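Visitor: I am new to reading protein structures. Could you walk me through this one, a piece at a time?

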Amino acid sequence: MSEKKIPYKIYLEEKEMPKAWYNMRADMKDKPAPLLNPATMEPMSEEDLAPVFCEELIKQELDNDTAYFDIPEEIRDFYKMYRPSPLVRAYCLEKKLGTPAKIYYKFEGNNTSGSHKLNSAIAQAYYAKKQGLKGVTTETGAGQWGTALSMACSYFDLDCKVYMVKCSYEQKPFRREVMRTYGASVTPSPSMETEVGKKILAEHPGTTGSLGCAISEAVEKAVTSKGYRYVLGSVLNQVLLHQSVIGLETKAALDKYGVKADIIIGCAGGGSNLGGLIAPFMGEKLRGEADYRFIAVEPASCPSLTRGVYAYDFCDTGMVCPLAKMYTLGSDFIPSANHAGGLRYHGMSSILSKLYDDGLMEAVSVKQTEVFEAAQYFARAEGILPAPESSHAIKAAIDEAKKCIETGEEKTIVFGLTGTGYFDMVAYEKFHDGDMNDYIPTDDELKIYRDKLPKIK
């Protein structure tokens, strides 16, 4: 290791900020399976995707071979408002744990949206504006993505229509108001605004919703509204591409001080922040240049990697989107109303699913109360109140650091702190009052949804 003194926070210079996004698929010998057209069950083409997505984003989505995509100057100028983001050495957490491990976290909450989501939101809004569109539609779980997109659309003077998962809409009214402050319209999903929303409500009266439901509504709204396209905050290849700025900066900061990560950890819902964080490190692993342990952490109430099946499934509950081969619980699976709204998705990124299936990545699921115990422990040690989603990664990082106490190994652990939890105080209140539950679906419950998976030859 270098003898350079490592500061508490590692800040890169503006000139060190990435000028290109990195595409992991270029280094994958076995590529993720293609999206399928639900009408023909054939691989989706650019023409098939054109009514739904922006033209340039479609090219990024389907490109398995280009390793780097230049980041347009307009997007880089926007990034300069909050990037490069700091990589922080968690000295206080290490001391409190009494671990020989070295713990770093990449902090993505240092912008008004409060999370990493802005990295892709500004890119997708830019391409929509460049195409001459009037506006975009989307879904949001906990609200971070909707907040980020509303900011990006405001910047480019685009209309923004957000369908927010109903339980989060009710639990997080202040995040909803931030979206409205930036000019977005916000509708609790499922709603009576769309045909698919009406259908879901008829089949599941009183449902608290899911990301799959909200996606269906947002897609329907986009394809039935002239001058609009649909944008997504996670899961898709294009989103992981944009989020690679997280990992590229992390690696540059570690390299600057001669630090080699052993374990890299991220929370996992659809896969955007985890995919972005691990991207350049996984590239090294794929090319045989270095080795790392990658750990995806998901809620026990929505365990797509740890208890799902690797199969083709619809990306949305209404079955209007393409089918993706991914680890899935079933497109009509609606998880319990846990407080990690951004992790309430039935499937996982096709890229991460393939890497996991190939044994290049690990996955664990954790209970909700354990997650909040870790969040509180971290907040008291490091002074940052983490989002419930981020706290899944914190829980796993603490667990790995405790293992180092037992073995005496000085492992270097890096995790993604994807955002702050200041809009999640209802969740913290329920945890402190002892009103938080740890609902975990049974095998029999999951089998019901698994048996409904599309039969793809």
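A guided walk

Visitor: Happy to begin! Which strands make up the open sheet of four strands, and in what order?
Guide: Keep in mind that this is a predicted model. The open sheet of four strands has parallel pairing, and the twist averages 25° from one strand to the next. Its edge strands, each pairing on one side only, are S8 and S9 (228–230). Read across, the order is S8-S7-S6-S9.

Visitor: How many bridges join S6 to S7?
Guide: Strand S6 covers residues 135–140 and runs parallel to S7. The number of bridges joining S6 to S7 is six.

Visitor: And on the S8 side, which residue of S8 is the bridge partner of Tyr163?
Guide: S7 and strand S8 (residues 185–189) run parallel and are joined by five bridges. Met164 stands opposite Pro188 in S8. For Tyr163, the bridge partner in S8 is Thr187.

Visitor: Is strand S7 largely enclosed or left open by the rest of the structure?
Guide: Buried means under 20% relative accessible area. Strand S7 spans residues 159–165, and six of its seven residues are buried. Therefore S7 is largely enclosed by the rest of the structure.

Visitor: What is the handedness of the β-α-β unit made by S6, H6 and S7?
Guide: Follow the chain from S6 through helix H6 (residues 144–156) to S7. H6 packs on the sheet and touches S6 and S7, its direction making about 165° with that of S6. The β-α-β unit of S6, H6 and S7 is right-handed.

Visitor: Which residues of H2 meet H11?
Guide: On the H11 side, the residues are Asn237, Gln238, Leu241 and His242. By class, the contact has two nonpolar, four polar and one charged residues. The H2 residues are Leu57, Gln60 and Glu61.

Visitor: Is Glu284 buried or exposed?
Guide: Glu284 sits in helix H12 (residues 272–286). Beyond residues up to four places away in sequence, Glu284 touches Lys251, Glu289, Ala290 and Tyr292. With a relative accessible area of 12%, Glu284 is buried.

Visitor: One last stop: what is the relative accessible area of Ile394?
Guide: Ile394 belongs to helix H16 (residues 388–407). Leaving aside neighbours within four places in sequence, Ile394 is in contact with Ala374, Phe378, Pro386, Phe415 and Leu417. Ile394 is buried, and its relative accessible area is 0%.

Terms used:
Residues numbered from 1 in each chain as written. Predicted model: local features only at pLDDT ≥ 70, side-chain atom pairs only at ≥ 80, totals over all residues. Heavy atoms only, no water. Contact = heavy atoms within 4.5 Å. Helix = DSSP H or I, 4+ residues; strand = E, 2+ residues; numbered from the N terminus. Nonpolar A, V, L, I, M, F, W, Y, C, P; charged D, E, K, R; others polar. Buried < 20%, exposed > 50% of the residue type's maximum accessible area, 1.4 Å probe, protein only. Pairing = 2+ DSSP bridges. Right-handed = clockwise from strand over helix to strand, strands pointing away. Axes fitted to C-alpha atoms, helices over the stretch in contact; angles between N-to-C directions.
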